[in-house]
Amino acid sequence: MRTYQLPLDLVRERSPERPVALVRPRSVSVAALWFQDNLKADVFYAVKANPSRWVIETLIEAGVRGFDVASIAEIELVRSVSHDVRLAFMHPVKSRSAITKAYFEHGVRTFSLDCVDELNKILDATGGADDLNLIVRMAVSADGAAYTLSGKFGVPADQAPALLLATRQAVKDGLMGVSFHVGSQCMRPTAYQAAMAQVGRSISRAGVIVDIVDVGGGFPSVYPGMVPPDMSEYADAIHRGFNEMPVSETTELWCEPGRAIVAESSSILARVDLRKGDALYLNDGSYGSLFDATHSRWPFPTKLVRDGEAASELKAFQFYGPTCDSIDHMPGPFWLPADIREGDFIEIGMLGAYGVAMSTGFNGYGEHDIAIVEDAPMASLYGLAPRSIPTVRTTAEENARKVVRLSRPKGKAGQRKKSRR
Ligand SMILES: *Cc1c(COP(=O)(O)O)cnc(C)c1O
């Protein structure tokens, strides 16, 4: 991987033909250190948020020793970097062969489940192993998250006590735990405390002793129109919630952050292949790294990366991606110099989570290059950059329009019920 001081240095040197993932490993280390220093929990990075090798390597260097994986491919990826780290297979629905392979070939000991059939499958596929850690995934309410994750997985409260009891009885020398996911991009720290109270009631009703409380992922990042509370409020809410749970002194606290570890670390450098009025046709789009810009209408922050002067006036643009599908449209608004034109490069920020990770090869596009850059991310929850996306400096009238437009996609994303993650 080549390192450039600035995205502009890369553009000057090689006017890249394919989109480039601009990555900032230091930002991943800083985020990982925040979790290790501020949350009294073992960190399991959720690999699906960004399964790049450099992310796994950077996290291991930063001291992260746990990875939340959901498939054999993710297990093999992490194992190709390290044989020592702990893997937790946290997909509540796994094939028999995946369980067997994970346990016998890759040393996976931690598995999640949300029903008794999956419990029996895990016991069966591991030959009744006595060293399993079994984690019951609980359904919790997900107010305050941009993406709900309870639609697909999690045992409902009325069935939870029986499953907790059955799982407790199945665990021999390993540990028994509970987990939940409050939903991705959770804007309300108290959602964790509320979920922990809900899970605590099920534990009391079941009358079981729980060895692990895993608060899952959901920790936010910064996007235009979405500036979350300070990360310390998340830590406080979780510690309060944990103190109030009916668990013992030795019960372990775990977490599985994905987005919050990687979101601010990467941008995409895309090229304008055509301009039609306020529409820019780019070489990356919804089938590439910009899934959320289409499906959740997130107006990611943008910067022109041009070797030369640009108009000081900013205009609102919409983007189209390179495929022939009309879904491949990103409404934005994306604020860029009014004189933007074919051949210009645009840096689209805050795409480290669920960006490159969502990329497909549809229509022959989707391949990208990768380069390290040394400048700061566009925004940061960890002090590397401002806590919010810088306000566009433009005429008062345009600014007023921008505020109105920016507030719309946030509401839409919040209302839309999704269970992709
Ligand atoms: C997706 C996922 C995560 C990570 O979620 P973020 O919102 O990215 O933090 C953690 N745990 C599980 C089980 C997941 O499915």
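1. A cavity is, on a 1 Å grid over the protein atoms alone, a set of points where a 1.4 Å probe fits but cannot get out, and its lining residues have an atom within 4 Å of a point. Grid points are joined across faces, edges and corners, and a volume is the space filled by probe spheres set on the points. The largest cavity holds about 70 Å³ of space.

2. This is a predicted model, in which local features need pLDDT of at least 70, side-chain atom pairs count only at pLDDT 80 or more, and totals for chains, interfaces and linings use all residues. Residues are numbered from 1 along each chain as its sequence is written, and side-chain values use heavy atoms, with hydrogens and water left out.

3. Two cavities of 30 Å³ or more are counted. Around the largest cavity are 14 lining residues, with Asn-283, Asp-284, Gly-285, Gly-288 and Gly-366 nearest its centre.

4. The second largest cavity contains about 40 Å³ of space. Its lining consists of Met-138, Ala-139, Val-140, Ala-157, Gln-198, Val-199 and Ser-202.

5. The ligand is surrounded by 13 residues, and the closest are Lys-48, Ser-184, Glu-256, Arg-259 and Tyr-354; a residue counts here if one of its heavy atoms lies within 4 Å of the molecule.

6. A polar side-chain atom of Ser-184 is 2.5 Å from a ligand oxygen atom, and a side-chain N or O atom of His-181 is 2.9 Å from an oxygen atom of the ligand. From Gly-218, a backbone N or O atom lies 2.8 Å from a ligand oxygen atom.

Terms used:
Polar contact = N/O pair within 3.5 Å; in protein donor to acceptor, adjacent residues only side chain to side chain. 1 Å grid on protein atoms, 1.4 Å probe; cavity = no way out; pocket = protein on both sides within 12 Å on 5 of 7 lines; lining within 4 Å.
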